[in-house]
Amino acid sequence: MAVPPSRESGPEVRALTVVDAEGIVTGWTRAAEELLGSHAAHVLGHPDHRPEPHHRDPHPVALRLDGHRLRTAAEHASWVLPLGSTALRDSVASILEPLIRHSSMAMWVCDTALRCVWRNEPARGMEQRVLRGVACADIARLQRRVLRDGTPVIDAGVHLSSPDTVVDRTLSASVFRVENVHGEPVGVYTLAIDACRSRTGERLALVAEAGARIGTTLDVMRTARELAEFGVSAIADYVTVDLVESVLPSDEPLERLAGTGPGIPVFRRAGSASSRPDIPLLLWKPGEVVFVPPDSPWTKVLATGRSHVEATMGLDTSDWFDRDPMRAAFTRRYGLHSMMIVPIRARGETLGVTAFVRADNPEPFTQDDLCLAEQFVAQAALCLDNARRYTRERTAALALQRNLLPRRLSGGDALEVAHRYLPSGVHGGVGGDWYDAIPLDDGRIALVVGDVTGHGVDAAATMGSLRTAVRTLAFMNLSPADLLARLDDVIMRMNEEDSPADCESLIGMGATCLYAVYDPTTRRCVLATAGHPPPALVAPGGAVAFPELPAGTPVGLGTGAYEQVTVDLAPGSLIALYTDGLVETRHADIDEGIARLGAALPDPALPLESICGIVMDAMVTGRAHEDDVALLVARTRPS
């Protein structure tokens, strides 16, 4: 768009009114007051106004009235009604100029030939500064499109080169069509702003990008590394993230520097990033202990919870260097000159500190830079706190689970048994899968696997309660079907004793369960299931079968009516019980997983530990398992 000088010819029309789509008068100029004799206070906000003349010499006024419709993206129409003339320049300018006189946005009104008939002062300045060549052609294309189809263009990016900078810039342009009373186009209205001069837009874009790039996992170290890397890409040349010991627990207590008191704070380096390959990610590597001397900026930030900025940092201007020779040497060697230290705070607690440093960038950090850095760190702090809480709960659940699962299993003289257990590898955390082998009277052995609904500490605790309940019921010599029915009833009674507010605690989750009893005398195995996948039976020759068991509802729902099935097991037969984490993923259903398990089961004569390893490698290795995986394998002994 080559913007020509404004056309100054034509009669000047000042009498103007504006009416919205409902007929309400929303604009009434002083010239209209003088022409028609009605004050704006008596007209604005009223529909279908018919003013009575109040001239010194009352007489009818003959007017020529044209209508021009202004349409926005929301299709809200307003009518500009110039009284006495249809000139586009004057009619549009009369209503818009009082409203936009002080606007910082560049604004143009052009006719259907794209000749400029009105523009404001920011538009004149933009024409002189940056609008030329390709940029004008791009805007003209937008204007012609809007004239053709009437659809407004909102916030279109127009790239341009400016003579006052070597950096490419972007113009944000919006174009609207102006129509007359008949809906015919009479011109276009164009708004533009230099997006690269908008610090607010820049900051919002960076903050949005930080939200997408920081905290992609529930891993503390990775989140800290993402914060450091984003800080380098956005505002700094060198960034370090140091966390307090409670966020990065270690089996080894932190050792303090010789001669320092117990009040000297220490951190662990969690993340660092550098824009220059010659600036190493030291002084400390990730995971190593980081010491800070007393009265240093790190100490003050940790104590006060407020950021610290040294716009000009140097050995002569920063007195704390005398007490920190390692950082002083590092600063001198790599030319670090400006620094910000921002506390990492979440839920009223300081989790650590982030240091932003400049070396190559000669500009010192400003207050705007600090505000931006604090927004980055605030987002990262919430992610770090979530990761810490997740890690704590997972650690507690794993510890509880280890204590509740059997440490050693014995099949007595009837069965050889082996097992494998693999906690969930995704964010859901530890589940409530369990397994057991229970010696019964007369040499019989009960085998059981179960899966509690949910994850975390509650699921692990529920698992412990259910395992204890199954063992207790097993010693009552109940059949598998009767045992599951009694287990369902027990859980329901325990649920009823819980308060309504605590209905999700412990037993309130329910579980699936498979219970089997093998009698070595008859070589028969009796099985019943409560919503659990069937076991795999491997004959001595290697044939694999999955017996069809009557479906039963999970225990804990109070609707359990279970049936059992009896199968014969020859000497050397293998029976494999498992939880659905072994055979089910979000990408494949359980039937497909059971088929894969059947193909993965090896020669039943192999050592049971080897069989467990082969099955786990085939079913789990190479994918992130979404759920806990439990596998219990038993082999009948020879006669």
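Start by selecting Asp 442, in the loop that runs between β17 (432-439) and β18 (445-452); strands here are DSSP runs of E with at least two residues, and helices are runs of H or I with at least four, numbered from the N terminus. You are looking at a predicted model, where local features need pLDDT of at least 70, side-chain atom pairs count only at pLDDT 80 or more, and totals for chains, interfaces and linings use all residues. Residues are numbered from 1 along each chain as its sequence is written, and side-chain values use heavy atoms, leaving out hydrogens and water.

Asp 442 is not a glycine, yet its phi is positive, near 60 degrees. Its relative accessibility is 70%, so Asp 442 counts as exposed (exposed is over 50% relative accessible area, buried under 20%, partly exposed in between, with a 1.4 Å probe and protein chains only).

Next, pick Arg 523, in the loop between β19 (511-519) and β20 (524-530). Arg 523 also has a positive phi, about 55 degrees, without being a glycine. Is Arg 523 buried or exposed? Arg 523 counts as buried, because its relative accessibility is 17%.

Now select helix α10, residues 457-474. Colour its buried residues, among them Met 463, Leu 466, Arg 467, Val 470 and Leu 473.

Finish at Glu 584, in the loop between β24 (574-578) and α12 (590-600). Glu 584 counts as partly exposed because its relative accessibility is 36%.

Definitions and conventions. The expected span of a helix is 1.5 Å times one less than its number of residues.
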